[in-house]
Amino acid sequence: MAEQEQTPQRRPGGRSARIQQAVFAAVLEEVVAQGYAKATLGAVAERSGVHRTTIYRRWSDLDTLLVEALRDRSGHPVVPRDTGALASDLAAYAQDIVEVLAADTGRIISAVLGSEAARLDGVRGILGEVLTTRRPLSSEIVRRAVARGEAPRGTVDVEVIDHLVAPLYFRLLLTGEPLDTDVARRCAAATTAAVRAGIFVREPGPASGSPSGR
């Protein structure tokens, strides 16, 4: 790993970039359509229209390709909107998450996490990276609310966001129930009420806004 980090990585451009994106899209489509266990590099080549020798030359196996494609896909976070109020901030964020999960990204997440692919070190690493980067980003909603006096001091921001989005992922990964505007609205309303009731307050206040304050 250390040697890889020391080696400069050039971002492909032009035709190389188009090939990479076509192959990335194809491997994710293949895993969704056929399942991880049945996906092959040959099938990815056929789906992408890229010659299989080109794919074999750039990616040694399906797992390596899948991890790279997932990492590329995960580089586009949902950025929380600042609507000026806690309730509408949470509602907007929940709605944005629903729109992502109800589309291709949700199907990809289900196909990967519901298969043996979830055990791959690379996939587990991406999940860790997503949590590390997304939580501080989304937790800004709560920090703004505390600053405005809408949420009690000592409210643990990551717990609020976890409470907001957990039912959405529960539906995606376990129950298969609809992900729509109504469920986003209800999750946001329940979370807003819990915040205002002080459910997520941990003492001491100044230290409780970070994951380490749990």
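Which helix does E29 lie in? That is where I'd like to start this morning, everyone. E29 belongs to helix α2. Before we go on, please keep in mind that what you see on the screen is a predicted model.

So, helix α2. It runs over residues 14-34, which makes 21 residues. From the first C-alpha to the last it reaches 30 Å, close to the 30 Å expected at 1.5 Å a residue.

Now let's look at which side chains of α2 are covered. The buried residues are I19, Q20, V23, F24, A26, V27, L28, E30 and V31. As you'll all remember, an α-helix has 3.6 residues a turn, so residues three or four places apart point the same way. Do keep that in mind as you read along the list. And what do the buried residues of α2 pack against? There are four helices to point out: α3 (41-48), α4 (52-58), α5 (62-73) and α7 (104-113).

Let's move to another helix, α9, at residues 140-148, where we find R144. Is R144 buried or exposed? R144 is buried, because its relative accessible area is 15%, and buried means under 20%. Its side chain has two polar partners I'd like you to see. One is the backbone oxygen of R81, which the R144 side chain reaches at 3.1 Å. Another is the side chain of D89, with a polar contact at 3.1 Å. If we leave aside neighbours within four places in sequence, R144 is in contact with R81, D82 and D89.

Which helix gives the largest share of the patch? That would be α10, residues 157-175, with four residues. L173 is found in α10, and L173 counts as partly exposed because its relative accessibility is 38%.

How values were computed
Residues are numbered from 1 along each chain as its sequence is written. This is a predicted model: local features need pLDDT of at least 70, side-chain atom pairs count only at pLDDT 80 or more; totals for chains, interfaces and linings use all residues. Side-chain values use heavy atoms; hydrogens and water are left out. Helices (H or I, at least four residues) and strands (E, at least two) are DSSP runs, numbered from the N terminus. Buried means under 20% relative accessible area, exposed over 50%, partly exposed in between (1.4 Å probe, protein chains only). The expected span of a helix is 1.5 Å times one less than its number of residues. Contact means heavy atoms within 4.5 Å. A polar contact is a pair of N or O atoms within 3.5 Å; within protein, one must be able to donate a hydrogen and the other to accept it, and residues adjacent in sequence count only if both atoms are side-chain atoms.
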